[in-house]
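Open the model in a viewer and follow the stops below. Each one gives a selection and what to look for there.

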Amino acid sequence: MLTGKKIIIGITASIAAYKIPFVIRLLKKAGAEVQIIMTPSAVDFVTPLTLATLTERPVLIDFFDKKDGAWSSHIELGIWADLLLIAPVSANTLAKMATGVADNLLLTTVLSARCPVLFAPAMDLDMYKHPTTKASVDRLLSFGYKQIKPVEGELASGLMGCGRMEEPENILQVIEGIFTEQLSFTGKKVLITAGPTHEAIDPVRYIGNHSSGKMGYEIAKAMVNQGADVVLVSGPTSLNIPDSKIELLKVTSASEMHRACMTVYPEADITIMAAAVADFSPANVVSNKLKKEKGFKTIDVVPTIDILADLGKNKSDKQILVGFALETDNEKQNALKKLNNKNLDIIVLNSMTDKGAGFGYDTNKVTIITKNGDELIFGLKPKYEVAQDILTVIKKVSK
Ligand code: CTP
């Protein structure tokens, strides 16, 4: 399963480092290549000699090899790896990773990594519970990193509680799961829309909404991470493209978004319409800026085209179509109406009444309803995790 996979294990200063030789044995047995990077103080917890012998590679600790002056390139390491596991990760390294501190080889490699990043905390129960540690973990999860949560048990301090690093066999299982999941959408062409649309009133004013585009961008990132070819049609947002493998088509208005979608759609296996498309646009766009002294009392509007409904009309049996519903009342009823009327396979219901969910937040709380009648209610989570939940449901529906 892991044949030829290149895995970096970053070890930090924690007693749980004694488990890493076992993790290496399991990974090597499964066919992986393993490269160890240690933080300088981790060497007091497990010997580089043991690790180098088991991995059959020199252990990297410093930016320069003190003997022959050779430079260890974190950039090359970041490109080389198919997966980066930081285990055990101390509260100190967690906080540094969450804030972009880069004062050792392991931290610079984390910043350069293009592969999935996993981290397995190991620390005292009170340190793990501390709001600072929690904030670091949440921040790392929002980057799309995955946590192998510590488990309950006896800790090195003698105290009982949550803080023990997972056992090597379970760590192996998570790693194998990541590689299986990674391949789920390989060869699939996926069309995703994100952000608001702006409907021009005059050259400087528009009708728009508060959508940040974050949900659609996180879905695009999750899809690429699982091997899909993604075209992201994005309305105006301040977000950076999350991955250079994504083809980004920037649009402004609903009619531009409609045109871009209709061009890509015939080739798309899966389409996810996360954009908050404006429902109305001004009937006439004024070509010169409206001057306030002249005043204006009303703007005549006309409905925009319902892009999702149009995609639903043109859907083939092989295509999967996912819509969003943003509701304030009669939520489930309205979502079901959209699922049926727009010929969707899945609808993701966002409630504007949930705290921390919806426009602008980094978190979201959704209910996913499928055309087969399945209803999955999720808790408040970082948007990347919500994206992963949506992908899991798409996988089920596609079978
Ligand atoms: N949508 C679309 N084109 C529009 C309006 C909405 O493609 N002109 C899509 C959205 O991207 C979303 C779904 O339709 O996936 C539902 O959007 P929502 O705003 O919740 O509902 P509407 O259909 O616009 O209906 P209403 O605003 O009355 O709730």
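Helix axes are lines fitted to C-alpha atoms over the stretch in contact, and angles run from 0 to 180 degrees between N-to-C directions. Helices are DSSP runs (H or I, at least four residues), numbered from the N terminus. The model is predicted: local features need pLDDT of at least 70, side-chain atom pairs count only at pLDDT 80 or more, and totals for chains, interfaces and linings use all residues. Residues are numbered from 1 along each chain as its sequence is written, and side-chain values use heavy atoms, with hydrogens and water left out.

**Stop 1: H1 and H2.** Select residues 20-29 (helix H1) and 48-55 (helix H2), which pack at an angle of about 5° with axes 10 Å apart. H1 is therefore roughly parallel to H2 (angles under 35 degrees count as roughly parallel, over 145 as roughly antiparallel, 65 to 115 as roughly perpendicular and the rest as oblique). Show side chains for Ile20, Pro21, Ile24, Arg25 and Lys28 of H1, which meet Thr50, Leu51, Leu54 and Thr55 of H2; contact means heavy atoms within 4.5 Å. These contact residues divide into five nonpolar, two polar and two charged. Ala, Val, Leu, Ile, Met, Phe, Trp, Tyr, Cys and Pro count as nonpolar, Asp, Glu, Lys and Arg as charged, and the others, Gly among them, as polar.

**Stop 2: H9 and H13.** Next select 214-225 (helix H9) and 383-398 (helix H13), where the packing angle is about 60° and the axes lie 8 Å apart. The pair is therefore oblique. Among the residues that meet are Met215, Ile219 and Ala222 in H9, and Val386, Ile390 and Ile394 in H13. By class, the contact has ten nonpolar, two polar and four charged residues.

**Stop 3: the largest pocket.** A pocket is an open set of points on a 1 Å grid over the protein atoms alone, where a 1.4 Å probe fits, with protein on both sides within 12 Å along at least five of seven lines; lining residues have an atom within 4 Å of a point. The lining comprises 43 residues, and Phe143, Gly144, Lys221, Asn225 and Pro242 lie nearest the centre. Elements that give two or more residues to the lining are H5 (105-112), H7 (131-142), H8 (168-182), H9 and H13. The lining has 20 nonpolar, nine polar and 14 charged residues.
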